[in-house]
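Here's a quick look at a structure, with an eye to its domains and its aromatic side chains. Have the model open as you read.

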Amino acid sequence: MSLVVPALPFLRPESDAIRVVEANIHCRGAAPKGWLDSLDTWDPSTAVDISIKTEINPRQVFWDCGFDSHAVVRMVIVWSSSDTSLRGRGESRDFNLSNSSDEIETLSLSCVLEGSQLAGTLTVGVQLVLVDAGPSQFSLTPKLPGTLLWSDTRATRLEGAETRFPVEITDFAKLGWLPEGASWHVSWNTDDLHSMALGSVILQINESNLRIVEAVTQAQPVDEARLITEVIEFDVARSLIEGALSNEDFVNSPNQYEEGTLGETLRRLINSLFTGDSMRALAIRLREYPSLFDSELQARQLLFREGQ
Amino acid sequence: MEIILYPRIPVGYANERANELRSMTIQDLRTKAAISDARVYYAPTGGGRASENHLKNIADSIRELAAEGGYPSAFQRRPYSEFDSKVAEFLHRTLQITPSEAARLEIWSFFTCILLPDVVRWRFHARSRPTSLERYLGGIRGVRNTFGRLWWRGEILQIQDTPRPYQLVHQLTEDQLVQLMERPGLSGNRTLATAISQAFLSAADSHPEVTRDDLMRDTTKRIRRLLAFVSFDGLEAHELHSVVSDAIEQTLQMLQYGHPAQTPSSANNLVDPQLSL
């Protein structure tokens with residue numbers, strides 16, 4: 001249940017008392033590049049590093065909220081993960097009037113999240129909460145510990161290949177409907193883009209091809225395994241993108257799909273690779289010049305070019 | 001902890017299976033139960049795959065726990081909470097999976113639609129009516145799946161480094177657990193969920209004249225109202241316990257005298273009568 005509170009019945013800081021000046025989120029081991037809408041290389045074994053820098057005028061906060069010298073407020077990083085529904089907190093700093101100056105303070109807070117706790121979309125906020133109101137008698141002064149005085153929230157989608165589609169390792173000979181000699185097959189329905197992305201696409205790997213099986217089951221594939229996984233990733237992306245662009249309904253209204261559906265996932269994928277191109281223009285290019293479109297896709301996916 | 005990867009089945013396939021299984025007899029479902037299926041797949045990385053022997057042991061153990069409650073016959077007296085709490089502890093101790101993996105409905109669908117469909121039907125058997133689909137499929141992160149919901153109870157309510165880490169799972173009843181576990185605003189924060197549980201049990205023991213389920217329902221309702229403007233995530237454990245204790249105290253006053261007490265921190269920001277607790 002979420003309660004809608006149109007106007008909170010207590011004093012809060014004016015908008016110029018606190019602001020976020022810098023926010024970073026990145027996978028452990030990667031370089032910070034600001035706040036990212038998605039972490040493409042994340043998987044559940046990868047920790048996520050978060051840092052948020054704010055500027056706060058503590059004395060103005062105390063004045064705006066009507067706190068006296070006994071009150072304590074806290075700046076804290078909080079997080080929540082959409083698919084595990086778990087939430088928690090990172091670094092924090094408490095303020096009171098005795099440890100605050102008259103000037104604007106710069107405050108850096110950080111947080112390290114274990115990947116095992118996360119799935120789906122990660123929402124991170126920096127909050128100013130009341131810890132102790134002190135003996136203030138002013139009726140509009142917040143009093144309940146935890147009262148949210150100010151917050152700035154942002155979200156990141158935890159992508160990773162594993163979250164996009166599941167992998168099924170199976171014996172193609174036993175299945176009976178896939179060529180025995182094929183190494184992999186992307187199984188999905190191009191006409192059902194309203195279904196949820198997870199579970200709608202399956203990458204089937206032929207277990208009789210041991211080199212492929214070994215490559216796709218490695219946590220950090222290198223050398224030949226890396227090349228194999230890159231080719232498979234490219235082929236999956238090609239299959240999905242070309243399937244979507246061959247779907248008239250998708251091309252006509254790519255924004256019709258709800259969050260988490262296959263259609264929405266493919267729209268985001270295509271937009272990220274072909275920024276500025278309309279779906280209609282891409283569909284025509286695919287239909288008129290299919291081999292050139294494949295080459296363009298190779299170029300945009302930087303196939304075999306990691307590290308160059 | 002060495003992570004074990006469990007078989008998954010596609011969501012669409014799980015839907016088909018659940019629709020087929022939900023009306024069958026327990027005896028027929030026992031013959032359909034299996035430790036594998038042509039449609040299973042695994043996460044590509046993150047751990048070692050569960051062996052068939054491991055899956056069989058899990059299925060056997062859960063059926064043994066069900067047998068204590070009368071399986072495959074109808075439930076004996078007071079079986080629900082005992083079966084659920086024992087399986088919750090068993091699953092959480094045995095499965096060796098992370099929350100990230102446990103958030104995948106496809107895993108819990110394997111447990112309900114392939115491995116133990118008979119136990120699902122037995123646990124949620126409605127006379128001559130089909131079992132609810134959500135008991136096979138799950139809801140968000142599997143909190144309504146027959147087995148997913150139990151694993152999550154163990155995950156959220158375990159108190160580590162204590163002699164009885166699953167004590168709360170055993171002490172709370174089904175209704176009390178539902179009030180917590182099916183409210184992500186409460187159960188997503190482990191510290192908050194355990195604080196509510198501990199404060200509730202303590203208050204319930206001290207006030208036997210108060211109906212326990214009423215106490216839990218009213219307390220969680222009060223705390224959920226606070227979520228609109230209170231960040232429990234921003235509080236440290238002892239601060240959070242204080243807010244929860246106040247909510248419990250107000251509930252007790254309401255249940256005993258018909259109006260809430262004005263505790264120090266409840267004389268709050270709440271000048272708007274619509275928000276009054």
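## Charges over rings

In this predicted model, B:R123 sits over the face of B:F124, 4.3 Å from the ring centre. Chain B has another such arrangement to look at: B:R39 lies over the face of B:Y13, and here the distance to the ring centre is 5.0 Å.

## Aromatic pairs

How many aromatic pairs are there over all chains? The count comes to 11. Take A:F62 and A:F67: their ring centres are 5.8 Å apart and their planes meet at 70°, which is over the 60 degrees needed, so this pair goes down as edge-to-face. Both A:F62 and A:F67 are buried.

Over in chain B, the rings of B:W151 and B:W152 have centres 5.0 Å apart with the planes at 90°, so that pair is edge-to-face too.

Are B:W151 and B:W152 buried or exposed? B:W151 has a relative accessible area of 1%, and because the cut-off for buried is under 20%, B:W151 is buried. B:W152 comes in at 0% relative accessibility, so B:W152 counts as buried as well.

## Domains of chain A

Back to chain A, which is split into domain 1, covering 18–158, and domain 2, covering 167–300. How far apart do the C-alpha centres of domain 1 of chain A and domain 2 of chain A lie? They are 38 Å apart.

Notes:
Residues numbered from 1 in each chain as written. Chains lettered and ligands numbered in written order. Predicted model: local features only at pLDDT ≥ 70, side-chain atom pairs only at ≥ 80, totals over all residues. Heavy atoms only, no water. Domains from an automatic or database assignment. Phe/Tyr/Trp six-rings, centres within 6.5 Å; stacked < 30°, edge-to-face > 60°. Buried < 20%, exposed > 50% of the residue type's maximum accessible area, 1.4 Å probe, protein only. Lys NZ or Arg CZ within 6 Å of the ring centre and 35° of its normal.
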